[in-house]
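User: I have a model open and want to learn how to read it. Can we go through it step by step?

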Amino acid sequence: MTVEGSNSEDKVPYILIHSDREIRRLNHQAGIINPITRRIFSFAGIGPGMRVLDVGCGAGDVSVLIADLVGESGEVVGVDRVSAALTAAERKIAEHGLRNVSFREGDPGRLSFDRPFDAAVGRYVLMFQANPSELIRGAAKHVRSGGIVAFHEVDWTGARSHPPSHNYDQACEWIVETFRQTGIESSMGAKLNASFRAAGLAAPTMHSEAVIGGHVGGRDWAHQISELVVTMLPEILNRGIATAFDPDALEAGMMRDIEAGAVIMSRSEVGAWSHTSGV
């Protein structure tokens, strides 16, 4: 996700720069998280034939998922502020041979469309907003009356390990502290209810899941966290959150901890959805 606030004073720095390595991380993350996102959007009512706005579409992973949910009779329009992300998204759509997905560059709150959508959705979008309810309101105005607004966000307070993996727990602490110092909301999932209501929508229905694993499942998530640390490394070091270290050694340490019996649990993956009523 790469959408920023609508106004210059509302912008939160987007520190997850879209390098080739970061695009690979996002693809790997999608492989783990997409089943959760699919359940959230399915519970929300996203289905065949619907026209859906994907807010902060990034590299297009969620757009592909939604395209599968709505089928060939449906349509997906992805919006993002960053051209590099949209270039990667266009490649992904071409690889999948999808003809019902298109992209627009810009602020979703300021763009105009020829007709309303049945739903507006987003994943990992609101955590980067200084005013999340403003983005929700801006997305909802493109949705028909009675349509769906659904977002999938995270809450890092759930990330932990048992027996403790110092390497995994330390990496999560670095990530959360870096988010805090840069103004990124690491507990956005828990704040979805308040944000939906502040946007003028009815209190949302909510759902939460987490990735958990040891020998099975744990290694994939450990690799994901290690790669996120690599992406954030300049900010982590520049802000003095950690001193110089070897990211490969960090991941190797996580793998040793898992081999020794540690079970790791991801941040909470939280979904919320509501309906418009002339927003």
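User: At roughly what angle do the axes of helix H7 (residues 218-238) and helix H8 (residues 247-259) cross?
Analyst: Residues are numbered from 1 along each chain as its sequence is written, and side-chain values use heavy atoms, leaving out hydrogens and water. The axes of H7 and H8 come within 9 Å. They cross at roughly 160 degrees.

User: Is H7 roughly parallel or roughly antiparallel to H8?
Analyst: Angles under 35 degrees count as roughly parallel, over 145 as roughly antiparallel, 65 to 115 as roughly perpendicular and the rest as oblique. The crossing is at roughly 160 degrees, so H7 and H8 are roughly antiparallel.

User: How many residues of the contact of H7 with H8 are nonpolar?
Analyst: Contact means heavy atoms within 4.5 Å. Among the residues that meet are Ile225 and Leu233 in H7, and Leu250 and Met254 in H8. Three residues of this contact are polar and three charged, and the nonpolar ones number ten.

User: Is Val216 buried or exposed?
Analyst: Val216 lies in the loop between strand E8 (212-213) and H7. Buried means under 20% relative accessible area, exposed over 50%, partly exposed in between (1.4 Å probe, protein chains only). The value for Val216 is 71%, so Val216 is exposed.

User: Over which residues does pLDDT stay under 50?
Analyst: The mean pLDDT of the protein chain is 92. Where pLDDT is low, the predicted coordinates should not be read in detail. The stretch under 50 is residues 1-9.

Notes
Predicted model: local features only at pLDDT ≥ 70, side-chain atom pairs only at ≥ 80, totals over all residues. pLDDT = per-residue confidence, 0-100. Axes fitted to C-alpha atoms, helices over the stretch in contact; angles between N-to-C directions. Helix = DSSP H or I, 4+ residues; strand = E, 2+ residues; numbered from the N terminus. Nonpolar A, V, L, I, M, F, W, Y, C, P; charged D, E, K, R; others polar.
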